Number of protein chains: 2
Amino acid sequence: MDKKALFHKFVSFTTSVHEVTHALTQDVKADSVTSVQYKILENVKVSQPVTPTEISDCMHMSMPNTSRELKKLYEQNLIEKISDKEDRRKQHIRLSKDGEIMMDEAFAAIEVRFQKLIENISEEDLKEINHALDVLQNKVFTR
Amino acid sequence: MDKKALFHKFVSFTTSVHEVTHALTQDVKADSVTSVQYKILENVKVSQPVTPTEISDCMHMSMPNTSRELKKLYEQNLIEKISDKEDRRKQHIRLSKDGEIMMDEAFAAIEVRFQKLIENISEEDLKEINHALDVLQNKVFTR
DNA sequence: CCCATTACTTATCATTTGATAAGCAAATCA
DNA sequence: TGATTTGCTTATCAAATGATAAGTAATGGG
């Protein structure tokens with residue numbers, strides 16, 4: 001296997017993934033939140049409950065900035081902060097009712113576009129795609 | 001094929017791709033350029049020569065902002081502007097000598113990390129990965 | 001030739017984002 | 001118990017980014 005060639009293929013693949021992701025997600029976020037705030041909400045949605053430290057780590061942003069953005073989301077009633085019973089320094093962040101609604105709508109919009117993207121793909125090809133996703137997820141994009 | 005399940009798999013896949021991409025590319029850009037400027041340079045590197053309008057379109061940024069950033073890159077001697085012989089309104093952007101050096105270094109650093117990422121993968125698995133990349137690129141992430 | 005369009009530039013402004021210093025309270029550890 | 005560490009907050013500043021208005025020069029169509 002030519003690893004150099006594989007690298008180039010990998011680069012153009014990731015570029016394509018970024019482009020398609022952009023196409024699927026553009027304009028789904030409400031105007032009341034910024035891009036970074038939306039990203040945080042996505043993160044919370046997927047892995048709630050989550051601590052500010054975890055958000056900070058996995059979004060690659062400093063604690064002060066994370067704290068600031070969480071505060072803004074809290075003030076918009078999009079998230080809830082629950083303090084840990086055992087360690088009262090810790091907090092657990094969840095989406096509020098409003099936050100859930102907002103993110104459900106966003107994901108629904110994304111899914112509509114995704115389904116449209118694959119609507120004309122044969123059952124056979126879908127199985128191949130499904131398998132390809134598994135392969136790459138498990139062997140390259142393991143986290 | 002359960003298309004709903006496929007969507008969820010797709011979402012977590014793209015998340016992983018973004019994370020791995022971040023890990024591979026973090027800190028490769030020189031301090032003298034901003035993130036957006038680096039992205040522009042990547043774009044130019046891959047598809048030079050390129051017009052400002054093309055950059056603007058494919059990076060999803062306005063012409064005025066594109067123009068501003070290109071000017072800064074030009075002032076840093078990282079790109080060249082060549083005006084079109086036939087249509088003198090048009091420009092063709094290329095990396096300058098310095099720009100080429102900068103981007104070659106960046107890509108080399110990324111490649112080192114990529115090769116490290118796959119160094120312990122068997123020949124067999126690499127072939128599978130290679131095929132999976134082709135499948136997804138051609139059937140889902142076509143652009 | 002005139003007018004509309006295209007390709008790009010300049011200028012300006014608001015907003016977002018990133019970085020840093022300093023602080024506080026709870027927890028841990030010696 | 002006192003010192004240190006952890007988890008998070010507040011405040012502040014600089015820089016990057018996004019958006020808009022206005023302008024120039026070249027092109028092209030009628």
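## Glu42 of chain A

Apart from neighbours within four places in sequence, Glu42(A) contacts Met103(A) and Phe107(A). The model is a predicted one. Glu42(A) belongs to helix H2 of chain A, which covers residues 35-47. Its relative accessible area is 17% and buried means under 20%, so Glu42(A) counts as buried.

## Val33 of chain A

Val33(A) is found in the loop between H1 and H2 of chain A. With a relative accessible area of 2%, Val33(A) is buried. When neighbours within four places in sequence are left aside, the contacts of Val33(A) are Tyr38(A), Leu41(A), Leu73(A), Gln76(A) and Leu78(A).

Val33(A) can also be placed relative to Leu70(A). The two are 37 residues apart in sequence, and their C-alpha atoms are 11 Å apart in space.

## Helices H2 and H4 of chain B

Two packed helices are described by the angle between their axes and the distance between the axes. In chain B, helix H2 (residues 35-47) packs with helix H4 (residues 63-75) at an angle of about 80 degrees, and the axes are 10 Å apart. Angles of 65 to 115 degrees count as roughly perpendicular, so H2(B) is roughly perpendicular to H4(B).

On the H2(B) side, the residues that meet H4(B) are Val36(B), Gln37(B), Ile40(B) and Leu41(B). Their partners in H4(B) are Glu69(B), Leu70(B), Lys72(B) and Leu73(B). By type, the residues of this contact of H2(B) with H4(B) are five nonpolar, one polar and two charged.

## A helix contact between the chains

Helix H5 of chain A (residues 97-118) packs with helix H1 of chain B (residues 3-25). Their angle is about 110 degrees and their axes are 10 Å apart. This makes H5(A) roughly perpendicular to H1(B).

From H5(A), the contact is made by Phe107(A), Ile110(A), Glu111(A), Phe114(A), Gln115(A) and Ile118(A). From H1(B), it is made by Lys3(B), Lys4(B), Leu6(B), Phe7(B), Phe10(B) and Val11(B). The residues of the contact of H5(A) with H1(B) comprise eight nonpolar, one polar and three charged.

## Aromatic pairs and the aromatic cluster

Over all chains, the count of aromatic pairs comes to nine. One of them joins Phe7(A) and Phe114(B); this pair is tilted, with 5.4 Å centre to centre and 50 degrees between the planes. The pair crosses between chains, linking Phe7(A) in helix H1 of chain A (residues 3-25) to Phe114(B) in helix H5 of chain B (residues 97-118). Phe7(A) and Phe114(B) are both buried.

Phe10(A) and Phe141(A) form a stacked aromatic pair, with 5.8 Å centre to centre and 20 degrees between the planes. Phe10(A) lies in helix H1 of chain A and Phe141(A) in the segment after helix H6 (123-139) of chain A, so this pair ties together parts 131 residues apart in sequence. Phe10(A) counts as buried, at 4% relative accessibility. Phe141(A) also counts as buried, at 0% relative accessibility. One aromatic cluster is formed by Phe7(A), Phe10(A), Phe13(A), Phe114(A), Phe141(A), Phe7(B), Phe10(B), Phe13(B), Phe114(B) and Phe141(B).

## Lysines over tyrosine rings

In chain A, Lys81(A) lies over the face of Tyr74(A), 5.5 Å from the ring centre. In chain B, the charged end of Lys81(B) is over the ring of Tyr74(B), at 5.5 Å from its centre.

How values were computed:
Residues are numbered from 1 along each chain as its sequence is written. Chains are lettered from A and ligands numbered from 1 in the order in which they are written. This is a predicted model: local features need pLDDT of at least 70, side-chain atom pairs count only at pLDDT 80 or more; totals for chains, interfaces and linings use all residues. Side-chain values use heavy atoms; hydrogens and water are left out. Axes are lines fitted to C-alpha atoms, for helices over the stretch in contact, and angles run from 0 to 180 degrees between N-to-C directions. Helices (H or I, at least four residues) and strands (E, at least two) are DSSP runs, numbered from the N terminus. Angles under 35 degrees count as roughly parallel, over 145 as roughly antiparallel, 65 to 115 as roughly perpendicular and the rest as oblique. Contact means heavy atoms within 4.5 Å. Ala, Val, Leu, Ile, Met, Phe, Trp, Tyr, Cys and Pro count as nonpolar, Asp, Glu, Lys and Arg as charged, and the others, Gly among them, as polar. Rings of Phe, Tyr and Trp (its six-membered ring) pair if their centres lie within 6.5 Å; planes under 30 degrees apart count as stacked, over 60 as edge-to-face and the rest as tilted. Buried means under 20% relative accessible area, exposed over 50%, partly exposed in between (1.4 Å probe, protein chains only). A charge sits over a ring if NZ of Lys or CZ of Arg is within 6 Å of the ring centre and within 35 degrees of the ring normal.
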